[in-house]
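Please find my notes on this model below.

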Amino acid sequence: MNEKLIVTSKEDGYAIVQFNRPDVLNAINMEAMTELVDALEALDKDDDVRCIILTGNEKAFAAGADIKEMADASAMEMLKRDQFARWDRIRKVKKPIVAAVSGFALGGGCELMMTCDIVIASETARIGQPEINIGVMPGAGGTQRLTRAVGKVKAMEMVLTGSMISADEALRWGLVNRVVPVEYVLEEAKNLAREIASKPPVAVRLAKEAVLKSFDTTIEGGLEFERKNFYMLFASDDQKEGMKAFVEKRKATWKGK
Ligand code: CAA
């Protein structure tokens, strides 16, 4: 039996999803992407899981789409494969995804990192969109998400030169939440996952949805969406419990409904 390219484990309230192609710096081939999307969708439906950590290893989060798998493809084959379309399904995962990033996060690896909701980077992280160096350009969100995250001029420099940035630069540019020593990156992601897992899940879900909405709507549309999600939470037991617990000066117990 082939070894799995994506390894999943569950801990208390959260799950860890890890790339398992160390020999090729976790380059993402179509099989790995299928396994990844399937794993994320299964965890999204799993009531025991309230937050998901996505990670690689010390050398690489992921060094991009698998170049060897694409090298000889014709445009028609690429169009027929439409391999990046399945990446869109990650955007539809409702539970928060925390990326724990060490080493290379390049091309599709950087794009995947940016699809995650929160990013913990280790000091060793090297982040970039180097596709220009192999005769192409970002194809899974790099020109769009990077530009929204860091602004036009920085995105333009990264995409047109293919140069990598350090973890500290990524922090200054707002591409990652924090930078920690490499040996703590997973621990820090776990702390965050545990914290998110301790919050009322319906509110977490609707809050994530509302933040993401800001990327593809006008300010009015987004404010309206946010307001409706806020009102909708008053249909949840957790809203009643959360506000009652505040008034009674005790800790709330969440039911997740
Ligand atoms: N695809 C396939 N194989 C890859 C790979 C990739 N993206 N990145 C690394 N590998 C493989 C190498 O071919 C090598 O395999 P072999 O041992 O069989 O030769 C192995 O991983 C180790 O890599 P290196 O020997 O190159 O390691 P290094 O430390 O010298 O360099 C690196 C590391 C700078 C990350 C270099 O490997 C590199 O430049 N990789 C390619 C990065 C890249 O261009 N990514 C974008 C891909 S296209 C894309 O992602 C499109 C999109 O928008 C989705």
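1. A salt bridge here is a side-chain nitrogen of Lys or Arg within 4 Å of a carboxyl oxygen of Asp or Glu. D38 and R89 meet this test, with their closest N and O atoms 3.5 Å apart. D38 lies in helix α1 and R89 in helix α4 (residues 88-91), so the pair ties together parts that are 51 residues apart in sequence. Helices (H or I, at least four residues) and strands (E, at least two) are DSSP runs, numbered from the N terminus.

2. A word on provenance. The model is predicted: local features need pLDDT of at least 70, side-chain atom pairs count only at pLDDT 80 or more, and totals for chains, interfaces and linings use all residues. Residues are numbered from 1 along each chain as its sequence is written, and side-chain values use heavy atoms, with hydrogens and water left out.

3. The scale runs as follows: buried is under 20% relative accessible area, exposed is over 50%, and partly exposed is in between (1.4 Å probe, protein chains only).

4. The whole structure holds 14 salt bridges. One of them joins the side chains of K10 and D48, at 3.9 Å from N to O. This pair links distant parts of the chain. K10 is in strand β1 (residues 6-11), while D48 is in the loop between α1 (30-45) and β3 (51-55), 38 residues apart. K10 is partly exposed at 46% relative accessibility. D48 is exposed at 53%.

5. Which residues join in a network of salt bridges? E241, K244, E248 and R250 do. Within this group, the side chains of K244 and E248 meet at 3.6 Å, N to O. K244 is partly exposed, with 47% relative accessibility. E248 is partly exposed too, with 41%.

6. Now the rings. A pair of aromatic rings is described by the distance of the centres and the angle of the planes. Rings of Phe, Tyr and Trp (its six-membered ring) pair if their centres lie within 6.5 Å; planes under 30 degrees apart count as stacked, over 60 as edge-to-face and the rest as tilted. The structure has 4 aromatic pairs. Among them is F19 with F61, an edge-to-face pair with centres 6.1 Å apart and planes at 85°. F19 lies in strand β2 (residues 14-19) and F61 in strand β4 (residues 60-62), so this pair ties together parts 42 residues apart in sequence. Both F19 and F61 are buried.

7. F84 and W87 have ring centres 5.7 Å apart and planes at 80°, so this pair is edge-to-face. F84 is partly exposed, at 24% relative accessible area. W87 is buried, at 8%.

8. The charged end of K213 sits over the ring of F225, 5.0 Å from its centre. The test is NZ of Lys or CZ of Arg within 6 Å of the ring centre and within 35 degrees of the ring normal.

9. Two leucines deserve a look. L146, in helix α6 (residues 142-150), is buried at 0% relative accessibility. Contact means heavy atoms within 4.5 Å. Leaving out residues up to four places away in sequence, L146 touches M114, Q129, G141, G151, A155, M158, V159 and L175.

10. L106 is in strand β6 (residues 104-106). Is L106 buried or exposed? L106 is buried, with a relative accessible area of 9%. Beyond its neighbours within four places in sequence, L106 is in contact with residues including A62, R126, I127 and M164. L106 and T147 are 41 residues apart along the chain, and their C-alpha atoms are separated by 15 Å.

11. Last, the surface. F230, Y231, F234 and M243 form a nonpolar patch with about 440 Å² of accessible area together. Patches are made of residues with over 30% relative accessible area and no salt bridge: like charges are joined within 9 Å, nonpolar side chains (Val, Leu, Ile, Met, Phe, Trp, Tyr) within 5 Å. F230, Y231 and F234 also form one aromatic cluster. Y231 lies in helix α11 (residues 219-232) and is exposed, at 53% relative accessible area.

Key: Areas by Shrake-Rupley, 256 points an atom, 1.4 Å probe, with all protein chains shown as cover.
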